[in-house]
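Please look through the structure below before reading on.

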Amino acid sequence: MPKILVVEDDALIAMELCERLTDMGYEVMGPAHSIPEAETLLARETPDGALLDATLAGGVSSLPLGMILHGKGVRIAFCTGYDKVKGAPPELAQAPVLTKPVSDADIKTCLDNLLAKG
C-alpha cells in the first residue's frame with residue numbers, strides 16, 4: 001500500500017483529504033500542518049509520494065520541503081488554490097499541480113501517474 005505524506009495547513013481540508021486518500025487505498029502520513037511537523041514525520045519514515053499545499057499559514061512556501069523530498073527520491077504533487085506554483089526550482093517545475101477543490105478522480109489519476117514513475 002503506497003504511503004502518501006499530506007502537508008496542508010487548513011485542518012478541515014487536511015482531515016478530508018486524508019480520509020479520501022485512505023478510502024482510495026493509500027496509507028497516509030500526517031497530516032502535517034507546517035514544515036516542522038512534516039520534517040518530524042520524515043525523520044521517522046520516507047513516504048512513496050507527497051501532496052503538498054504550495055503555501056502554508058503565514059505565506060510559508062512548501063518548496064523547500066519539496067526539495068527535501070525530491071532529494072530523498074519522493075515524488076510530489078502540489079495542491080493549491082492557484083493554477084501554478086510560483087518560484088518552483090527546476091527540480092520541481094514538472095511536479096503536478098492540483099487546483100483546489102480537487103476531485104477524487106484527479107487525485108487518484110495524479111497519484112497513479114506519480115507513483116508509476118518511481
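Which strands does helix H4 lie across? Helix H4, residues 104-116, lies across S1, S3, S6 and S7, and runs at about 155° to S6. Helices (H or I, at least four residues) and strands (E, at least two) are DSSP runs, numbered from the N terminus. Axes are lines fitted to C-alpha atoms, for helices over the stretch in contact, and angles run from 0 to 180 degrees between N-to-C directions.

A word on the source is needed here. This is a predicted model, in which local features need pLDDT of at least 70 and side-chain atom pairs count only at pLDDT 80 or more, while totals for chains, interfaces and linings use all residues. Residues are numbered from 1 along each chain as its sequence is written, and side-chain values use heavy atoms, with hydrogens and water left out.

Now to the sheet. Strands of a sheet pair through backbone hydrogen bonds, either parallel or antiparallel. Here five strands form an open sheet with parallel pairing, in the order S2-S1-S3-S6-S7. Strand S2 (27-32) and strand S7 (97-99) are the edge strands, each pairing on one side only. Direction ignored, neighbouring strands of this sheet are turned by 20° against each other on average. Two strands pair if DSSP finds at least two bridges between them.

Strand S3 covers residues 49-53 and pairs with S6 in the parallel sense over five bridges. Along this pairing, Gly49 stands opposite Arg75 in S6, and Leu52 stands opposite Phe78 in S6. S1 and S3 also run parallel, joined by four bridges, and Leu5 stands opposite Ala50 in S3.

Is S3 enclosed or open? Five of the five residues of S3 are buried, so the strand is largely enclosed by the rest of the structure. Gly49, Leu51 and Asp53 are buried on one side, and Ala50 and Leu52 on the other, which leaves both faces of S3 covered. Buried means under 20% relative accessible area, exposed over 50%, and partly exposed in between (1.4 Å probe, protein chains only).

Val28 lies in strand S2. At 22% relative accessibility, Val28 counts as partly exposed. Not counting residues up to four places away in sequence, Val28 touches Ile4, Val6, Cys18, Leu21 and Thr22, where contact means heavy atoms within 4.5 Å. The C-alpha atoms of Val28 and Cys18 are separated by 6.4 Å, and the two residues are 10 apart along the chain.

Strand S2 also holds Pro31. The peptide bond from Gly30 to Pro31 is cis, with omega near 15°. Another cis peptide bond runs from Lys100 to Pro101, with omega near -5°; Pro101 is found in the loop between S7 and H4. Most peptide bonds are trans.

The last topic is the largest pocket. About 220 Å³ of space lies in the largest pocket. A pocket is an open set of points on a 1 Å grid over the protein atoms alone, where a 1.4 Å probe fits, with protein on both sides within 12 Å along at least five of seven lines; lining residues have an atom within 4 Å of a point. Grid points are joined across faces, edges and corners, and a volume is the space filled by probe spheres set on the points. The lining has 15 residues, of which His70, Arg75, Ile76, Glu91 and Ala95 lie nearest the centre. Helix H3 (63-71) gives the most to the lining, with three residues.
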